[in-house]
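Please read it alongside the sequence and the coordinates.

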Amino acid sequence: MWRKWGIRHRDRLVDAALAAAVLAFTIPTTLTGYSFSLWDGAPGGVEIVTGIVTAAAMLVRRRTPWPAVLASAACACVTGQVVPMILAVYSMTAEHRVRRWQYVALVLTVVYFAVDYRNPHTDHSVYLNAVRALTLIYLPAMVGTWVYAYRRLIRELRLGVREREEIAASEERRKIAREMHDTVTHAVTAMVLNAGMARDATDPGEVDELTAVIEDKGVQALDELRQLLTVLRRENGDLAEDTEAITRLVGEARASGLQVDLHLDAPPGTLPRQVSHACYRLVQEGLSNVRKHAPDSRVRVSCEVSGDQVAVSVVDTPAHPRPGGRKVRAAPSLGGGYGLAGIRERVCLAQGRFFSGPTPEGGFVLAARIPLRGGRAAGPPITGRPDPPA
């Protein structure tokens, strides 16, 4: 308890100790007759009052340096005690940014020299008096400037660490939000879509098949959420999906009634984890958007390695209804626009280029080029219209 109290009131305790030190240097010398004045014998009451005022000035040295500077100079002239000036010049530069502190320290150095030369208890060597004045007045002022710069550096470093911690926490929240959105949205969209198809189905076998798909998607979503929680609990978890998971996404989309063509030229294990996961999430988001906004369109999914980069895209094109085919239900959309924003962030974090926008045929495209190594993806600039809500 006392340690915490001491830390909380450390500055006040230090100031009180300095004030006590000033009193210890001035009052006893006045009472014992060892003090002297530059004006040949100041009254003892004046010396005692000057010492008390100088001690009181030490209590406010952190707020303003001038009371301590002026009082210590007066105390040196009246009582002959120069220790308060040493404390004052140090506080002037260590606690405050005083403009032209060099001139103030020089004036106090002259005062110290005069008092020291006049002191009957010391030698009267001009050289030694000058050395003591510069050493005991100007040097503490210089040390105070170094202390002030060091304290300011520590404050800036602490602020920088706090800002970096906030930025890192924000990035982690955004990362978790992206994973939660991609996992939950895709799974729930597929489950709702298959549930609607099961409600309209009349064949018991088809109903069983659709409910099995719903169960599989639910299990898959729970597994991905469990992996996400594992990553949150320990730092060495990994949620990255390989390119072979794109084949599974396309198979699920075909099972839900979408017309999907796949061109996959990225063998499993050949892409970096971050790149393959970004490709997987882009395809997942593109297929989810097709289910919501254009379930009757024809979709082409492409993922191929070309040189030192991988190109991935999901393009849907309006298609005529298939003769005798079952109409594909559109999955419900809650809006929000977080999906495309999350994919854009993933691609940018992988140093790639992202594009989303309408096609001349009236469809929509999600595309990205991601380098396999460090550096930006090559190729012409990717531009397009503003992203529609995911």
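## Salt bridges and their network

Arginine 61 and aspartate 15 meet through their side chains in a salt bridge at 2.9 Å, N to O, where a salt bridge is a side-chain nitrogen of Lys or Arg within 4 Å of a carboxyl oxygen of Asp or Glu. This pair links distant parts of the chain, since arginine 61 sits in the loop between H3 and H4 and aspartate 15 in helix H2, 46 residues apart. The model is a predicted one, in which local features need pLDDT of at least 70 and side-chain atom pairs count only at pLDDT 80 or more, while totals for chains, interfaces and linings use all residues. Residues are numbered from 1 along each chain as its sequence is written, and side-chain values use heavy atoms, with hydrogens and water left out.

Helices (H or I, at least four residues) and strands (E, at least two) are DSSP runs numbered from the N terminus. Arginine 61 and aspartate 15 are both buried, a class that means under 20% relative accessible area, with exposed being over 50% and partly exposed in between (1.4 Å probe, protein chains only). For aspartate 15 the relative accessible area is 6%.

Aspartate 15 also meets arginine 62 in a salt bridge, at 3.1 Å from N to O. Because arginine 62 lies in the loop between H3 and H4 and aspartate 15 in helix H2, this pair ties together parts that are 47 residues apart in sequence. Arginine 62 has a further salt bridge, to aspartate 11, at 3.8 Å from N to O. Here aspartate 11 belongs to helix H2 (residues 10–32) and arginine 62 to the loop between helix H3 (44–58) and helix H4 (66–79), so the two connect parts 51 residues apart in sequence. Both residues of this last pair count as partly exposed, aspartate 11 at 39% relative accessibility and arginine 62 at 25%.

| Salt bridge | N to O distance |
|---|---|
| Arginine 61 and aspartate 15 | 2.9 Å |
| Arginine 62 and aspartate 15 | 3.1 Å |
| Aspartate 11 and arginine 62 | 3.8 Å |

The structure holds nine salt bridges. Where does aspartate 15 belong among salt bridges that share partners? Such bridges join Asp11, Asp15, Arg61, Arg62, Glu95 and Arg151 into one network.

## The sheet

An open sheet of five strands has mixed pairing and the order E1-E2-E3-E5-E4, two strands being counted as paired if DSSP finds at least two bridges between them. Strand E1 (259–265) and strand E4 (353–358) stand at the edges with a single partner strand each, so that one side of each is left without a neighbour in the sheet. From one strand to the next, the twist averages 5 degrees, with axes taken as lines fitted to C-alpha atoms (for helices over the stretch in contact) and angles running from 0 to 180 degrees between N-to-C directions.

Strand E2 (residues 298–306) runs antiparallel to E3 and is joined to E3 by nine bridges. In the hairpin of these two strands, which has two residues between the strands, glycine 307 takes a positive phi near 70 degrees. Strand E3 (residues 309–317) in turn pairs with strand E5 (residues 364–371) in the antiparallel sense, over eight bridges.

Which residues stand opposite aspartate 316 of E3? Valine 299 stands opposite aspartate 316, and in E5 the bridge partner of aspartate 316 is phenylalanine 364. Serine 313 likewise has a bridge partner in E5, namely alanine 367.

## Cysteines, a loop residue and the surface

The structure holds zero disulfides, a disulfide being a pair of cysteine sulfur atoms within 2.5 Å. For cysteine 77, the nearest cysteine sulfur is that of cysteine 75, 9.3 Å away. Cysteine 77 is buried at a relative accessible area of 14%, whereas cysteine 348 counts as partly exposed at 38%.

Glutamate 241 lies in the loop between helix H8 (204–233) and helix H9 (244–255) and counts as buried at 19% relative accessibility. Glutamate 241 and valine 275 are 34 residues apart in sequence and 9.4 Å apart in space, C-alpha to C-alpha.

Methionine 1, in the segment before helix H1 (2–8), is exposed with a relative accessible area of 76%.
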